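The sequence and the model are shown first.

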Amino acid sequence: MAATATYVLRNPNLGLTKPSPSAFFGVRVPLSLERPRWVSSAPRPALAAAVSCRMTSEATAVEAAENRTPGVGLRPDPFGRFGRFGGKYVPETLMYALSELEAAFWAVSKDEDFQKELDGILKDYVGRESPLYFAERLTDHYRRPNGEGPHIYLKREDLNHTGAHKINNAVAQALLAKKLGKKRIIAETGAGQHGVATATVCARFGLECIVYMGAQDMERQALNVFRMRLLGAEVRAVHSGTATLKDATSEAIRDWVTNVETTHYILGSVAGPHPYPMMVREFHAVIGKETRKQALEKWGGKPDVLVACVGGGSNAMGLFHEFVDDTDVRLVGVEAAGFGLDSGKHAATLTKGEVGVLHGAMSYLLQDDDGQIIEPHSISAGLDYPGVGPEHSYLKDLGRAEYNSVTDQEALEAFKRVSRLEGIIPALETSHALAHLEVLCPTLPDATKVVVCCSGRGDKDVQTAIKHLQL
């Protein structure tokens, strides 16, 4: 069986009063931005796996199950679903490419030569492992008058080649594309960090590179646009919609549908149709694995609290995944509250969103009563997205992870505070996670070990910060 209804072209009449099979079977609609949404006031029913994704072959399904780690359920199950989230809501044109990609991913995960090559590139080219740094002055900042307080550590993904965690996934997917014999690479980008990472690995491996970027994001991330072009990538401006990450992703998907035989799409987050949420998570899981090892070396135990910003959620899943089954470790995601949760200008999908389908997967989304996407807002281009990775939605519903939000102004204050206390200029995305420490730290017992994922460096955001900070 295959799900044939996917993206819906801004048509509120496609809102459904009940789960009608015609919404997913036999109704072929143009590829575009939106998706069907249940509008009944009754509780939304759980959807069977066959409704949301093509049934994998028996061999693939069994292999997928065998490769999952027992814990909070199978993540994802053999059909690419995290509980009710995830799946494959895509045109038939892409079904073969996704199946081919999943099969290749499982093959290389057992290929010692591939893993050896990947490990070597991560070590010698990317610069892993990244440090787990004790932020002494930031720790002092949160020390209470009685001398007690948590200990703050930064997982320094900003020290990777290209200045962010994005390179982990980009390197691995570029190697995978070579295995598939595809020499044309496309990618979407918001803050530009994933675009730079993709352009970098394409230069390294001699691959053609096209990056889609919203026109608004290109203006506020001009430095990264220049870096991509310097590296040989073609950067295509997207003017449709809000001209931000959502629209860049939609254009990249359109390109992939048209050129699927020759092109690999290096999707930059744990979003999109299966197997991307799983695959991107696995390629970033090195963050959490290193953190466990480094924590054991530094204080002989595990972290007590993990904190990471969440847009699509790749850096957070990279950190969280290793510890999901460690129920004594708190997982804290921080979204962008923009001008405030009640302002209507934010990107707090898990805090204020409802369940729907966007860009090939079911997850929480920012949407109106007709099921149309609400324009998100964040001062951070990398968090300015109306959806979120389906595994984050699953962890939220399970209660395994907690999700909070931080305003633009709070993020800017953290941007300045960490720069002055630690001599580290964090990305505005990372600054959201760091800002949440203001609320979190006063509630924690003495000597609690807190690890914040420093997902990127902030040089790219200096021009944005200049407009808002009076120094």
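The structure is a predicted model.

**The sheet and its helices**

Strands of a sheet pair through backbone hydrogen bonds, in either a parallel or an antiparallel manner. In this model, 4 strands make up an open sheet with parallel pairing, and their order is β7-β6-β5-β8. Strands β7 (234-238) and β8 (263-265) lie at the edges, each pairing on one side only. From one strand to the next, the twist averages 25°.

Strand β6, which spans residues 208-214, runs parallel to β7 and is joined to it by 5 bridges. Across from Met213 stands Ala237 of β7.

| Helix | Residues | Strands touched | Angle with the direction of β5 |
|---|---|---|---|
| α7 | 193-205 | β5 (184-189) and β6 | about 165° |
| α10 | 245-258 | β5, β6, β7 and β8 | about 160° |

**Residue Ser378**

Ser378 is located in the loop that lies between β12 (361-365) and α15 (390-398). Is Ser378 buried or exposed? Its relative accessibility is 0%, and residues under 20% are classed as buried, so Ser378 counts as buried. The side chain of Ser378 comes to 3.0 Å from the backbone nitrogen of Ser380. When neighbours within four places in sequence are set aside, the residues in contact with Ser378 are Arg220, Ala336, Leu383, Asp384, Asp408 and His432.

How values were computed. Residues numbered from 1 in each chain as written. Predicted model: local features only at pLDDT ≥ 70, side-chain atom pairs only at ≥ 80, totals over all residues. Heavy atoms only, no water. Helix = DSSP H or I, 4+ residues; strand = E, 2+ residues; numbered from the N terminus. Buried < 20%, exposed > 50% of the residue type's maximum accessible area, 1.4 Å probe, protein only. Polar contact = N/O pair within 3.5 Å; in protein donor to acceptor, adjacent residues only side chain to side chain. Contact = heavy atoms within 4.5 Å. Pairing = 2+ DSSP bridges. Axes fitted to C-alpha atoms, helices over the stretch in contact; angles between N-to-C directions.
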